[in-house]
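Biologist: I'm new to this structure and would like a close look at one part of it. Could you start with how charged side chains pair up, and then show me what else is worth a glance along the chain?

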Amino acid sequence: MKLLIFSQYYPPEMGAPQARLSELAKHLRKMNYEITVLTAMPNYPTGRIFKGYRGKLRVTEELDGIRVVRTCIWPSKSSKILPRLISYISFAFTSVVLGLWGLGKYDVVLIESPPLFILPSGILIKRLVRANAIMMVADVWPECLIQTGHASDGLALKMMFWLEKFGYNHCQAVALTNPGARDHIRNRFPHLCNKITVISNGVDVNMFRPELRSDDIRRQLGAAEGDFLVGYCGLHGIAQGLDVVVEAAKKLTGRPNIKFVMIGDGPTKERLAAKAKELGIRNLLFLDKKPKSEMPAILASLDTSLITLKVRYPQTMPSKVYEALASGVPPIVAKGCQAEALVMSNNAGSSYEPGDADELAKVIVELADNKELWNRIRQNATRLSNRFDRNILAKRTAEIIEAVAQNRSLPDIEW
């Protein structure tokens, strides 16, 4: 089976799409898939091309036995529409003009979305390499942008709705990350029901484990013996709504045993750090992003992991929740997303209303003060994580890929 993965994002960048696609590629490679990744020069989330890739139009390299073809991009981390649009379109152009040299024929192309603006290039590429296509939808654009207030009526919004429909109509399968998103798209596009499925995010349960918990790491993260350590690890972006963490930390300054740490990078980090300094918050530590190899032990050393969102996202399943579950770290998730239904129905976490610092602080205190509850959630979380083992998910994904390659009906996929 020859598989081409087409995505603007891929390691050495860090993030949910990068992790999902690279882990999937590695697992499929073990199943004797021949895989090529066509992607952009790494630049996310800093908005600067990574060292070693700067000034180059095209780079071909091998990562974990997988051929990776990179083409140049005009990078941007701006939250404004025009700079981001230029960035998307620049990769959409170079991926075709520079990326197709010597690719040959493929059986299936996986097209990662968002961004929607690379979909026409993805559809063109799948035709040129004579393959069927699966559109992998990590976030349902443009609806997610509308919910966060980052898209309003206008030409750009109309274009995104057209691109969304264009992608669905021109791919042989559309894969969402969770059943809620799948059902939402089926309701909006009932004529596409038979080709809409789920390819879930997951976790390497051998990498993320409760046993990696370390007192030394906890001290490095600002927690003394007996402290309850609250952590956020990941992108400091607009959609994450991280002001609520700073505000909750401020409300809990009278609880010296509760400490906060925020690890990562992104467009809102500088503003959040400045806000915490202005408010005189001393129980919150900001740290730079860490290498991927260090994250399992860091996550396992937390007492709870925050899975924040700016607003309710009914079709969203934040991927960070899977790693928290596997690490035996009770997640506190934003209400209104698929993660809430998952963790609450399995008593594997807690939830808070997005933007409500009072409720977030209350939930943190409840976990910090009830050791029995905390231990019970830890056990349930670890048990639940086994459903999302990447080995299992890769086999399910392979079934979908093979069905698409052979123009067969899609298999029924459990979540």
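Modeller: What follows is a walk through the charged pairs, then a strand and its partners, and then some backbone and surface details.

Keep in mind that this is a predicted model. In general, side chains of opposite charge can pair when their charged atoms come close. Here the count of salt bridges comes to 22.

Let's begin with Asp303 and Arg213, which form a salt bridge whose closest N and O atoms are 2.6 Å apart. Asp303 is in the loop between helix H10 (295-300) and strand S12 (304-307), while Arg213 is in the loop between strand S8 (196-198) and helix H7 (215-220), so the pair ties together parts that are 90 residues apart in sequence.

Next come Asp243 and Lys275, another salt bridge, with the closest N and O atoms 3.0 Å apart. Asp243 belongs to helix H8 (residues 243-251) and Lys275 to helix H9 (residues 269-278), so this pair ties together parts that are 32 residues apart in sequence. Asp243 counts as partly exposed at 22% relative accessibility, and Lys275 is partly exposed too, also at 22%.

Then there's Asp369, whose side chain meets that of Arg255 in a salt bridge, at 2.7 Å from N to O. This pair links distant parts of the chain, 114 residues apart: Asp369 is in helix H13 (residues 357-369), and Arg255 is in the loop between H8 and strand S10 (258-263). With a relative accessible area of 49%, Asp369 is partly exposed, and Arg255 is partly exposed at 25%. As for networks, salt bridges with shared partners join Asp243, Glu247, Arg271 and Lys275 into one.

Now for the strand. In S4 (residues 66-71), 5 of the 6 residues are buried, so the strand is largely enclosed by the rest of the structure. S2 runs parallel to S4, and 5 bridges join them; Leu38 stands opposite Val69 there. Strand S3 (residues 58-63) runs antiparallel to S4, with 6 bridges between the two, and Leu63 has Ile66 as its bridge partner in S4. The hairpin of S3 and S4 has 2 residues between the strands, and Asp64 takes a positive phi near 55° in this hairpin.

That brings us to the backbone. Most residues other than glycine have a negative phi, and most peptide bonds are trans. Two more residues are worth a look for their phi. Asn32, not a glycine, has a positive phi of about 70°; you'll find Asn32 in the loop between helix H1 (16-30) and strand S2 (34-40), and at 65% relative accessibility Asn32 counts as exposed. Asn347, likewise not a glycine, has a positive phi of about 50°. Asn347 is in the loop between helix H12 (338-345) and strand S14 (350-352), where it counts as partly exposed at 32%.

There are cis peptide bonds as well. One joins Ser113 and Pro114, with omega about 0°, and Pro114 is in the loop between strand S5 (108-113) and helix H3 (119-128). The bond from Trp141 to Pro142 is also cis, with omega near 5°; Pro142 is in the loop between strand S6 (132-137) and helix H4 (143-147).

In helix H3 itself you'll find Ser121, which is buried at 10% relative accessible area. A polar atom of the Ser121 side chain lies 2.7 Å from the backbone oxygen of Ala92. Leaving aside neighbours within four places in sequence, Ser121 is in contact with Phe6, Ala92, Phe93, Ser95 and Val96.

Finally, look at the surface. Trp74, Leu82 and Ile86 make a nonpolar surface patch of about 320 Å². Leu82 is in helix H2 (residues 81-97) and counts as exposed, at 56% relative accessibility. For contrast, Leu393 in helix H15 (residues 390-405) is buried, at 9%. Beyond its neighbours within four places in sequence, Leu393 is in contact with Ser200, Asn201, Gly202, Arg387 and Phe388.

Technical notes
Residues numbered from 1 in each chain as written. Predicted model: local features only at pLDDT ≥ 70, side-chain atom pairs only at ≥ 80, totals over all residues. Heavy atoms only, no water. Patch = residues over 30% accessible without salt bridge, like charges linked within 9 Å, V, L, I, M, F, W, Y side chains within 5 Å. Areas by Shrake-Rupley, 256 points an atom, 1.4 Å probe, with all protein chains shown as cover. Salt bridge = Lys/Arg side-chain N within 4 Å of Asp/Glu carboxyl O. Helix = DSSP H or I, 4+ residues; strand = E, 2+ residues; numbered from the N terminus. Buried < 20%, exposed > 50% of the residue type's maximum accessible area, 1.4 Å probe, protein only. Contact = heavy atoms within 4.5 Å. Polar contact = N/O pair within 3.5 Å; in protein donor to acceptor, adjacent residues only side chain to side chain. Pairing = 2+ DSSP bridges.
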